[in-house]
Amino acid sequence: MTIKKIAVLTSGGDSQGMNAAVRAVVRSGLYYGLEVYGIQRGYQGLLNDDIFSMDLRSVGDIIQRGGTVLQSARCKEFMTPEGQQKGADILRKRGIDGLVVIGGDGSYHGANKLSKLGINTMALPGTIDNDISYTDFTIGFDTSVSIVVDAINKLRDTMSSHERSSIVEVMGRHCGDIALYAGLASGAETIIVPEVPFDMDEIAERMEQNFAHGKRHSIVIVAEGAGTGEDVAKQLVERCATLEPRVTVLGHIQRGGTPTPADRNLASRLGDFAVRMLISGESDKACGIIRNELVLTDIDKVVNSKKEFNVELYELAARLSQ
Ligand code: F6P
C-alpha cells in the first residue's frame, strides 16, 4: 500500500525535543510528497477529530522550544477497545494511512492497538525518563539530565559553604537513568535508584566518614522510583544528625526549557526515520537509536520488555565519588 497521508501526535508527559521531532516528521513527510496532518492533544485530540493540515511554516521556529506545539494529554477513553476503534475509524475517514506517535510507554501501547486495527504506525521515544527499551536514549532525556546537573552545581556552592548534605529528588518514574547519568556527571556521592538495592545505614556511615576525611559537602541523588527526598533525609537524620540534609525536589522543572543539541539531533533523526520507514511499508514499529545507529523494533517487543539498567555506569559513579 502506498502511503499518501500521514499524521503526527505527541502523547503522555511532554519532553524537550518533541517539537524538533514534530518538525522532522512534517518536513520529511512534505519532502517525500506526502500530505501531513497534526493531531492536537494526543489521543484525546484524535477522538475529538482535532486534526489539521500542516505545511512547512507550521513547524517554523519550534526546534529550540521545549514543550510540544501539538500539546499532549493522557486519555482514558483511548485505553478502551471502543476508544481505539473510534480513533482508527476517524483516521480512516480522513484517509490518513500512517501515524507517527511521539511519547512514552503508554503512547506506544496506543500505537500498537491502532496498528492492529489497520493503521500503519510508528512510535518515537519522547520522554525524559529514558525508560524505553530498544533505544539507548529517549528524546528529552539529555536535556533533563543537563537541568539536574546544573541544579546540583548550584547546590554544591551553598552546601559546601555550610558543610551540609544535599538530597536531590529527580523524576524518572520507575527508571533510575536520570539519577544515574546526572549523578555520574555531577559527582554525586550517592545515587539511589529503584534498580539497585540500597542500605541506608551504609550510606549514612559513608557520608559521615567522608565529612570526617575533609569533604565539605555531600550530594545524594534519589530517583523518585526509589523513594522521596524527604524520606531519605529523615532516615539519614535518624542515623546521624550532623549530616544536616536539605532536600530539593526538582519536579517539573526537569521537563521544561530549550532542548540540548543532542536531543534536537536525536529527534530530527528519529522523526525523519519514522517517515521513511512508513513510506517503505513498515508498520507497528518503534524507532530507536542503539550505538548511534537508527533501529526499528516491533512495538510489541518494546512494550513487553524492561529497559536494562547500566550497572557499569552505576559502579563507575560509586568508584569515582569516594
Ligand atoms: O514520564 C515523565 C514524567 O515526568 C515522570 O518522570 C513523572 O513521574 C511523571 O511524568 C509526572 O507526571 P505528571 O506530569 O502527570 O505529574
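A polar side-chain atom of arginine 173 lies 3.1 Å from an oxygen atom of the ligand; this counts as a polar contact, a pair of N or O atoms within 3.5 Å, where within protein one must be able to donate a hydrogen and the other to accept it, and residues adjacent in sequence count only if both atoms are side-chain atoms. The model is predicted: local features need pLDDT of at least 70, side-chain atom pairs count only at pLDDT 80 or more, and totals for chains, interfaces and linings use all residues. Residues are numbered from 1 along each chain as its sequence is written, and side-chain values use heavy atoms, with hydrogens and water left out.

Glycine 172 places a backbone N or O atom 3.1 Å from an oxygen atom of the ligand. For glutamate 224, a polar side-chain atom is 2.5 Å from a ligand oxygen atom. The residues around the ligand, those with a heavy atom within 4 Å of it, also include Arg74, Asp129 and His252.

Alanine 223 lies in strand E8; helices (H or I, at least four residues) and strands (E, at least two) are DSSP runs, numbered from the N terminus. With 0% relative accessibility, alanine 223 is buried; buried means under 20% relative accessible area, exposed over 50%, and partly exposed in between, using a 1.4 Å probe and protein chains only. Among the residues that alanine 223 touches, not counting those up to four places away in sequence, are Val170, Ala179 and Ile192, a contact being heavy atoms within 4.5 Å.

Strand E8 belongs to an open sheet of four strands in the order E7-E8-E6-E9, with parallel pairing; two strands pair if DSSP finds at least two bridges between them. At the edges are strand E7 (190-192) and strand E9 (245-249), each of which pairs on one side only. On average, neighbouring strands of this sheet are turned by 20° against each other, direction ignored. Three bridges link E7 and E8 in the parallel sense, and isoleucine 191 has isoleucine 221 in E8 as its bridge partner. Helix H6 (residues 177-186) packs on the sheet and touches strand E6 (165-170), E7 and E8, its direction making about 170° with that of E7. Such angles run from 0 to 180 degrees between N-to-C directions, and the axes are lines fitted to C-alpha atoms, for helices over the stretch in contact.

Next come the annotated positions. In an unreviewed UniProt entry, the annotation "binding site" covers residues including Arg27, Arg156, Glu189 and His217. The annotated residues span 195 residues in sequence and the farthest two C-alpha atoms are 52.1 Å apart, so they do not all gather at one spot. Arginine 27 is in helix H1 (residues 18-31) and is partly exposed at 24% relative accessibility. Histidine 217 lies in the loop between helix H7 (200-212) and strand E8 (218-223), and is buried with a relative accessible area of 13%. The side chains of histidine 217 and arginine 156 are joined by a polar contact of 2.8 Å.

Elsewhere, five of the six residues of strand E10 (residues 285-290) are buried, so E10 is largely enclosed by the rest of the structure. Strand E5 (residues 120-125) runs parallel to E10 and is joined to it by two bridges. E10 also pairs with strand E11 (residues 293-298), in the antiparallel sense over six bridges. In the hairpin of E10 and E11, which has two residues between the strands, arginine 291 takes a positive phi near 50°.

Conventions
UniProt positions are given in the numbering used here, feature names are shortened, and annotations may be inferred rather than shown by experiment.
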